[in-house]
Amino acid sequence: MIIESDWWTSPTESEDGRLIMVTGRRDIDKFRSNPRFSIRVEVSWVYDEKPDAAMPSTANSAIMEQATDSLNEVLHKDPVAVMTGIYTGAGRRDWVFYTLSTNIFTKKLNEALSALPLLPLQIYAENDPEWAEYAEMREISEIN
């Protein structure tokens, strides 16, 4: 496990045994304790649909890093959501957020990504008031 400030990174495997790097955030107590932050949003980028795909190309990785930085910057200025995790590997990148409103989150997502080229993103949202996905992600860090 690599520790960098308020984030940790740990390897795990997909269901079919491919490497996935999980990066999780530690400093989220003020969001997790606020019952308004009960909607989990996953923003996904399938970067390679080949069965043996591993990590993103250098070019895709650079854009993903820009997107991550921009999203964190926009949400730091207006904390309507918090990025809690990033999963990279097995042909996809998933950013996980908890937010208080999907409408406001969508506006902030568009604002954050406006300077980047059009990205092939898929967005999924569901209610997760218990932060079950975050708890599961934290278990990964304790196992590895």
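**Figure 1. The ring cluster of Tyr 98, Trp 131 and Tyr 134 in the predicted model.** Ring pairs link Tyr 98, Trp 131 and Tyr 134 into a cluster, where rings of Phe, Tyr and Trp (for Trp, its six-membered ring) are paired if their centres lie within 6.5 Å, and planes under 30 degrees apart count as stacked, over 60 as edge-to-face and the rest as tilted. The model is a predicted one, in which local features need pLDDT of at least 70 and side-chain atom pairs count only at pLDDT 80 or more, whereas totals for chains, interfaces and linings use all residues. Residues are numbered from 1 along each chain as its sequence is written, and side-chain values use heavy atoms, with hydrogens and water left out. By the ring rule the count comes to 4 aromatic pairs. Trp 131 and Tyr 134 form an edge-to-face pair, with 5.8 Å from centre to centre and 80° between the planes, and both of these residues are buried (buried means under 20% relative accessible area, exposed over 50%, and partly exposed in between, with a 1.4 Å probe and protein chains only).

Figure 2. Trp 131 has its place in the loop between strand S7 (121-127) and helix H4 (132-143); helices (H or I, at least four residues) and strands (E, at least two) are DSSP runs, numbered from the N terminus. The phi of Trp 131 is near 55°, a positive value in a residue other than glycine. Trp 131 counts as buried because its relative accessibility is 1%. Arg 32, which is found in helix H1 (residues 29-32), is by contrast partly exposed, with a relative accessible area of 36%. Leaving out residues up to four places away in sequence, Arg 32 touches Glu 130, Trp 131, Tyr 134 and Ala 135, a contact being heavy atoms within 4.5 Å. The C-alpha atoms of Arg 32 and Trp 7, which are 25 residues apart along the chain, are separated by 16 Å.

**Figure 3. The largest nonpolar core and the surroundings of Phe 97.** The largest nonpolar core has 23 residues, and those with the most contacts inside it are Val 43, Leu 71, Met 83, Trp 95, Phe 97 and Phe 105; such a core is a set of buried Ala, Val, Leu, Ile, Met, Phe, Trp, Tyr and Cys residues joined through side-chain atoms within 4.5 Å. At least two residues of this core come from each of strand S4 (39-46), helix H2 (58-77), strand S5 (81-89), strand S6 (92-99) and helix H3 (102-113), and the largest share, 5 residues, is supplied by H2. A second, separate core of 15 residues includes Val 22, Phe 31, Val 82 and Ala 90. In soluble globular proteins, nonpolar side chains tend to be buried together. Apart from neighbours within four places in sequence, Phe 97 has contacts with Ile 39, Arg 40, Val 41, Val 43, Leu 71, Leu 75, Val 82, Met 83, Thr 84 and Phe 105.

**Figure 4. The aromatic pair of Phe 97 and Phe 105.** Among the 4 aromatic pairs, the one formed by Phe 97 and Phe 105 is tilted, with 4.9 Å from centre to centre and 55° between the planes. Phe 97 counts as buried because its relative accessibility is 0%, and Phe 105 counts as buried at 2%.

Figure 5. Strand S3 (residues 19-25) pairs with S5 in the antiparallel sense over 5 bridges, and Ile 86 in S5 is the bridge partner of Thr 23; two strands pair if DSSP finds at least two bridges between them. S5 also pairs with S6 in the antiparallel sense, over 8 bridges, and Thr 88 stands opposite Arg 93 in S6. S5 and S6 form a hairpin with 2 residues between them, and Ala 90 in the turn has a positive phi of about 55°. Most residues other than glycine have a negative phi. Ala 90 counts as buried because its relative accessibility is 15%.
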